[in-house]
Amino acid sequence: MQALSLEDIFLTLPSASGPVEILKGVDFAADAGETVAIVGPSGSGKSSLISVAAGLERATSGAATLLGTSLTGRSEDDLARLRRGRVSLVFQSFHLLPTMTAFDNVRAALEIAQIADADARARSALDAVGLSARLNHYPGQLSGGEQQRVAVARALAPGPDIIFADEPTGDLDSVSSAGVADLLFGNIEKTGATLVLVTHDLEIAKRADRTLEMRDGHLS
Amino acid sequence: MKSLSLKIALRELAGGFNGFRVYLACLCLGAFAIAATGSVTTSFNRGLAAEQRTLLGGDIAFTVVQRRATPDERRWMETRGAISENVTLNVMGDAGGVRRQVDLRAVDNAHPLIGAPELSGGIDTLSKALAFQDGAWGAAVSATTLEQFDLEIGDKIRLGPVDFEIRTRLDRESDGLGAAGAFGPAATVSLGALIEAGRLTNGQLFRASYRMLPASASLADLDAIAADAEAAWSENGLRVRRQEDAVDGLQNLLAMLNSFLSVIGVAALVAGGVGVAQATSAFLSTRVQSIAAFKALGANIGLIRSAYALQLGALAALGALIGVALGAAAPFALFAVAGDRIPLPQILSLYPAPLVQAFALSLIAAALFALPAFGRASATSPAALFRSLTEVTKPPVPRLERALTAVAAVALVAIAAATSPRPLVTLMLLGGAGGAYLVLIGAAWLIRRAARHISPKLQGLRRIAMANLGGPGSLAPTIAPALGLGLALLTLVASVQDNLLRQVRETAPANIPSLVFSQIPGDAFEVFDEILVREGIDITDPDIYRRAPQMIGRVISLKGKPLVEEDVAESERWVVDGEIGLTYIAAKPPVAELSEGDWWPEDYDGPLLVSVEHDAAKGLGLGVGDAIGFRIFGREIEAKVASLRRVDWGGFGANTAFILSPGMLDAANPPHFAVAKANAASERAIIKTLGEILPDVVVFQTRTFLAVAARLLGNIAIAVNAASGIVTAAGLLVLIGAFAAMTHKRRSEAALLKTFGASKNEILALYASEFAVAGAAAAFLGGVMGVGAAYPVVINVFEAQWHFPWTTILSISAIAIFAAAIGGAITGAGALAQSPAQVLRAR
Ligand SMILES: Nc1ncnc2c1ncn2[C@@H]1O[C@H](COP(=O)(O)OP(=O)(O)O)[C@@H](O)[C@H]1O
Ligand SMILES: [Mg+2]
């Protein structure tokens, strides 16, 4: 079964200097349980691709299907509901809520996705990323590597069917990077989720089942 | 160095005012409030000062009560200048079956010495209109008289003992403010008519005033005339009135109003100050990286300070200037809109003093609120280049800025008090506002702690809402003080207004007499009582009917020493600064509550004793056993204080400051006054019967006075409400600023929540509830403090009954919470407007 399929996706966004064509006919599919790495120069459209695939942004044209549901013509709320507990994202800049502890960050995401047993799940997810001693720390009190591990725990905790990770190690040193990559690949192996991973780190890309290259809006 | 900092400042200013709209608006609003109240009251004050001679009706004037000037006095005056005599009294008007009290003024042919009355509809010269002609005296009557008696020019009206023919309508008196007869029917007639009828003989109730235009009216000459008069005639009870006395009361009222409104203006600056602080730190946080970069390049803290001080100072000056300019225009706008409804004379002009005051106060307020954030930013370590600046790593405020903040706070209070016409009142009000502000800041801290405490116990979005309130960037420290101060003020004003209106509309009509009778002849009590009994009044019930002698007197000495008016507490000055009503009673009135001393025996006939109202006694420094001297109808009498007594001024009965013992004064056989409660039908019957049997008794129907009081109250309330509305507006501005400062952060939060699967409505509800909780806290505290401040004002200042203004408070709170929730939803909608992809990508 396919976890994700994109067919002939175009994305054009308005900008100050006229419309910019960002994705220029992207075809892409990922099977359930597959791990795919996407590499490519900065500005080539990798993040845009993930946005469209995760239903955060509507393609200008083309057909996108996520977890068996066509994304075309769905309202933002429909898409949000579709993501609940089944789709997770990890960002380069962590995006933790600064007003909540590590534990609450993970817990809140589970609660919003309406997943039962949020406390136990959050605890074990943080345990799994090696942060059981940091449960009550605020993001400001954590190092970058630790913050990203909280973000990974938050992404893994619901037991999603697919995880999109956009340069999750881009802001981290090499030791932390390796740790975060280990966590992602290690857990995916256990749960059988699909992983779409954007990275500049070829070492990390190598760990994926296959690697694709994005170049000027085209994926190859 | 200097020019470099200027260059940096200019370059940044050229970047536009975007982040500074709220900063500018907050300062502008505060400056406007202060400049506007100052300019408006100054233009009234100057107007009054310019009119004081006209309002006095001469360069100097002399008054006596219950008599006219003696031939000696009159000769003394005439040798010094031109004289015009004026008598004022209350009489009953009677025409076409209507009988009601009329304010009567009788003038001689020389009246007016200054100016001219406005007449219309008939003879247009006052002396001609009033003259005896075709067998009748003439009268000039106010529009209210024509209306209430349903008369036209040419009709007849009986005023007191004389039948008059109405010859003209009196629209404005030469020496009056606003329309003639605005508070009730008024008429002007010829002195000759009343003299002929014998109504102005010694001992009757009236006041005679003699206005003078001396040959030379230089200040020195007037001072000399006043001194001569004091020396020659003060023993006789003749009082000198100077021009400033004619406007004294009004100017005092204006000064009080000005103090109060200026403090509200400062409160607007303080409420807006939160916005200034927030805008400053928001702006400087965007400059943290460049400050760090400047430092890394070798710039010292002094350069950074002067660059940003120049910039913030220039913007503060701009905001204040705009406010001051609008404030300077306020009097012009006010009179363009409502000029004909304001009876005070005004001189429209640019008055620099209030404008300078407003400008200075606004700049100081800007310094006060911007300095801490400013200090923090300039203390930024160059290391900030290497990490993002979170709340935790914010540097402390440097000592220089901390000291300057304290100096600014002191300067703000000092300038506000020093420029106030009532510094003490201003200091007290500022103290109250400052205390409220501190309470609100403390409350914000508590809200944050509580929210942080509660947040882990909640679920999902509610947890996020509370975590936001509890965490860095919390709304509480902005909303609570900014909105709370305005809401406290609104609640205070609304509660006081509510209670006073209730007093006037409900409490007073139920408790005070509906009829007050004056000038019941000393030999006709029995006849009078009989009339009331016949109309169904139970004259034995002291809650329904009371009658006592009616005398007028003045306090002339305290404890054996001549009275010095200035030594008497201001709130009780009214007791001594002119003639007041006196009475003597044998038996203690049942409602009188003695706080000290004893009442005299009912058959007491010894040396004169007096029972003094409690507060008046304290104001005069009198205790039981002290002596107080009165001049009553030309006689100087000393009485010993026998008791102090509490009076319910809003209640029923003999509410006079002094009640004397009987016996000694009986011989004078003075007229009596009486109060009675009656229904509308018996009121009419009593007034009619009195007209046939005792036509000289003047009857006041209190209902009409209460209606006038309610109207006046409403007018003053408009000004005060408008001013407190400005503080709330400042609070709202701050709120808007808070929203604006937050959209960036909120945007990424909302986008993130969407990736978790939260729907739009859930996110809107999250922000609405977060803001509503902060708004509710502000409303609750503001309400509590407003009511807390209103209670003593209602009880002690207005001596009215307290009634908890539930509806007012609940509606103010509901509106505040609703507005905050709407603000939250708008912020949320703004945050949701962008697609999450954009937000999460853009860092
Ligand atoms: N909101 C936007 N409007 C217009 N152009 C955008 C917007 N966001 C990104 N872009 C442009 O789209 C291109 C692709 O961006 P992105 O998908 O972030 O690339 P990558 O992740 O590969 O670095 C870039 O040239 C970027 O400038
Ligand atoms: Mg990218």
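These legends describe views of a predicted model with chains A and B.

**View 1. Overall build of chain B.** Chain B has 21 helices and 22 strands (DSSP runs; helices are H or I of at least four residues, strands are E of at least two). Its C-alpha atoms fill a box of roughly 100 × 60 × 55 Å along the principal axes. Of contacts (heavy atoms within 4.5 Å) between chain B residues at least 6 apart in sequence, 81% join residues at least 24 apart.

**View 2. Burial and charge in chain B.** Buried residues account for 52% of the 843 in chain B (buried is under 20% relative accessible area, 1.4 Å probe, protein chains only). Chain B carries 70 positive and 71 negative charges, with mean positions 19 Å apart. Lys and Arg count as positive, Asp and Glu as negative; His and chain ends are not counted. Charges are placed at NZ of Lys, CZ of Arg, CG of Asp or CD of Glu.

**View 3. The interface of chains A and B.** Here 31 residues of chain A contact 31 residues of chain B. The two chains bury about 2,700 Å² between them, 59% of it on carbon and sulfur atoms (accessible area lost on being put together, 1.4 Å probe, summed over both). In chain A, E76(A), T99(A) and I112(A) lose the most area to chain B, together 22% of what that side buries.

**View 4. A salt bridge across the interface.** Chains A and B share 5 salt bridges (side-chain nitrogen of Lys or Arg within 4 Å of a carboxyl oxygen of Asp or Glu). One of them pairs D104(A) with R463(B), closest N and O atoms 3.7 Å apart.

**Notes.** Residues are numbered from 1 along each chain as written, and chains are lettered from A in written order. Local features need pLDDT of at least 70, side-chain atom pairs 80 or more, while totals for chains and interfaces use all residues; side-chain values use heavy atoms, without hydrogens and water.

Terms used: Buried < 20%, exposed > 50% of the residue type's maximum accessible area, 1.4 Å probe, protein only.
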